[in-house]
Amino acid sequence: MAIDYSQLIPNNVDLSSDRRLQRALENWQPRFLDWWKGMGPDGASSFDVYLRTAISVDANGWANFDYVKMPEYRWGIFLAGQDPDRQIAYGDNKGKPAWQDVPGELRSTLRRLIVTQGDTEPASVEQQRLLGKTAPSLYDLRNLFQINVEEGRHLWAMVYLLHAYFGRDGREEAEALLERHSGDPDKPRILGAFNEQTPDWLSFFMFTFFTDRDGKYQLASLAESGFDPLARSCRFMLTEEAHHMFVGETGVSRIIQRTCELMKEHKTDDVRALGAIDLPTMQKYLNFHFSVSLDLFGQEASTNAANYYTMGVKGRFLETRIDDDHLLTNSSYEIETIEDGRIVKKAVPALQALNERLRQDYIEDCARGVLRWNKIIEKAGVNFEMKLPHRGFDRRIGAFTGARISPDGKVLSEVEWKANEAKWLPTDEDRVYVTSLMGPAVVQPGKFAHWISPPARGINGQPADFEYVRFN
Ligand SMILES: [Fe+2]
Ligand SMILES: [Fe+2]
């Protein structure tokens, strides 16, 4: 179904055929806009931003690019196309037709999963709300705003499901999604990483590389859900998500590029004296964002994860492409845990290890990105290698909680940890330094802050010096 833009809420779910649902969502819409005005990008409501807006859910040509004022962005409800023959691919319900409605016994489980996913979307907008003030270029400012409006749309995607399929409980949850706020001591967001601050652009690029990528893996496993409307929502969200990770990866690449150029040009490692970000500091930010994002996958061995799979509500990454029985009742999976002060490998029932398996897929994906970063460093002739720390490093959730693990995977005493912590994680001094580089936004088209290189190419075939944002 095409996207109907004549409606107050653009959608491809035939919203106008369900007046009650339409009215409920039209009631939620002004509250969303109030939230956007209060918690969205600060001071940017009059800017004309060169944004993409979804106009179709087809893989080819799904987006239109034009200048839009963000509060006028057409946030809508877009589900990927329906396969009328789709079957549940795994678990006890394997081979049965996908559910077009919520099975009664799965109601609270599905609601919880949708709320948890939905909560992350506005949270990241809140975390990023001040970054526009210090954007290193118009190109970057535009990318920040693009991500912000799309996270807003992802909230809409989850709120639609809550309103359409979960009755009064769903409507209440939709309200609560606007009432919790990132870092709020009384009403924080549900997951830890989404209550951290994103105070500077290095953090923003690391966040979009590591934490938006967690989003990719969560969405991909929900895209395998037996609950078809959820699967279809997540599939279209993944299309948008790719750009967020692109912004993160290329953002870090461009900082690396600039740093390496200055190191070569001035024959020094001390690029701080030159107003750039040194590679060891970038490594520390990487360590922080990676470990915080690993926590989002949950416990290594989890009965909840097993139940989600067995019931058919949450699958594995690319479930249908995996060559096994899709039941997992007779297989095991090796996880790492701590026993007697040592890191040991331990086989657990595969069903219980699904969080860890998803985390492993995620780690491999991150590692490919880090490899591309290292290529830039190598090509510049600089002797430095970025590395993902061990999965047990600085964790707050799971088997490694409370343990002190070095980036190369050694169990440390508290004394050893304390002696090295400042080498591995950003110190207050590092953060003060990085923040000090975040000058007022660079607003001349084609100009970039001193500490970052221009991008290889612009957005939608436009040049890098295109006027991506007009301030009026
Ligand atoms: Fe998102
Ligand atoms: Fe995202």
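**Entry: the core**

I looked up the largest nonpolar core of this predicted model. It has 110 residues. Ile-256 and Trp-373 have the most contacts inside it.

I listed the contacts of Trp-373, leaving aside neighbours within four places in sequence. Trp-373 touches Met-206, Phe-209, Phe-210 and Met-386, among others. Ile-256 is also one of its contacts. The list includes Glu-249 and Ser-253 as well.

**Entry: helix 3**

I turned to helix 3, which runs over residues 138-165. It has 28 residues. From first C-alpha to last it reaches 41 Å, close to the 40 Å expected at 1.5 Å a residue. How many of its residues are buried? I found 27 of the 28, so helix 3 is largely enclosed by the rest of the structure.

I checked both ends. At the start, a side-chain oxygen of Ser-137 comes within 3.3 Å of the backbone nitrogen of Tyr-139. Just after the helix, Gly-167 has a positive phi of about 55°.

**Entry: iron ion, ligand 1**

I looked up what holds the iron ion (ligand 1). Its donors are Glu-121 (OE), Glu-151 (OE) and His-154 (ND1), at 2.1 to 2.2 Å. Along the chain they follow the spacing E-x29-E-x2-H. Glu-151 and His-154 are 3 residues apart in helix 3, so about one helical turn separates them. An α-helix has 3.6 residues a turn, so residues three or four places apart point the same way. Glu-151 and His-154 are both buried.

**Entry: iron ion, ligand 2**

Which residues coordinate the iron ion (ligand 2)? I noted Glu-151 (OE), Asp-212 (OD), Glu-241 (OE) and His-244 (ND1), at 2.0 to 2.2 Å. The 4 donor atoms subtend angles of 88 to 168°, which makes the arrangement irregular. In sequence the donor residues are spaced E-x60-D-x28-E-x2-H.

I compared the two sites. The iron ion (ligand 2) and the iron ion (ligand 1) are 3.5 Å apart, and Glu-151 coordinates both. Glu-151 lies in helix 3 and His-244 in helix 6 (residues 228-266), so this pair ties together parts 93 residues apart in sequence. Glu-151 and His-244 are both buried.

**Entry: Gly-226**

I picked a loop residue next. Gly-226 sits in the loop between helix 5 (201-222) and helix 6. Is Gly-226 buried or exposed? At 0% relative accessibility, Gly-226 counts as buried. Beyond neighbours within four places in sequence, I found Gly-226 in contact with Arg-86, Ile-88, Tyr-90, Ala-98, Trp-99, Gly-312 and Val-313. I also checked its distance to Thr-281, 55 residues away along the chain. Their C-alpha atoms are separated by 44 Å.

**Entry: Arg-391**

My last stop was Arg-391, in the loop between helix 9 (354-379) and helix 10 (414-424). Arg-391 has 15% relative accessibility, so it counts as buried; the cut-off is under 20%. I asked what its side chain makes a polar contact with. The partner is the side chain of Gln-360, at 2.4 Å. Leaving aside neighbours within four places in sequence, Arg-391 is in contact with Leu-294, Glu-336, Glu-356, Gln-360, Ile-363 and Phe-400.

Definitions and conventions:
Residues are numbered from 1 along each chain as its sequence is written. Chains are lettered from A and ligands numbered from 1 in the order in which they are written. This is a predicted model: local features need pLDDT of at least 70, side-chain atom pairs count only at pLDDT 80 or more; totals for chains, interfaces and linings use all residues. Side-chain values use heavy atoms; hydrogens and water are left out. Helices (H or I, at least four residues) and strands (E, at least two) are DSSP runs, numbered from the N terminus. The expected span of a helix is 1.5 Å times one less than its number of residues. Buried means under 20% relative accessible area, exposed over 50%, partly exposed in between (1.4 Å probe, protein chains only). A polar contact is a pair of N or O atoms within 3.5 Å; within protein, one must be able to donate a hydrogen and the other to accept it, and residues adjacent in sequence count only if both atoms are side-chain atoms. Donors are N, O and S atoms within 2.8 Å of the metal (3.2 Å for Na, K and Ca); water is not among the atoms, so sites may look incomplete. Four donors count as tetrahedral if all angles lie between 85 and 135 degrees; four count as square planar and six as octahedral if opposite donors are over 155 degrees apart and all others between 65 and 115; anything else is irregular. A nonpolar core is a set of buried Ala, Val, Leu, Ile, Met, Phe, Trp, Tyr and Cys residues joined through side-chain atoms within 4.5 Å. Contact means heavy atoms within 4.5 Å.
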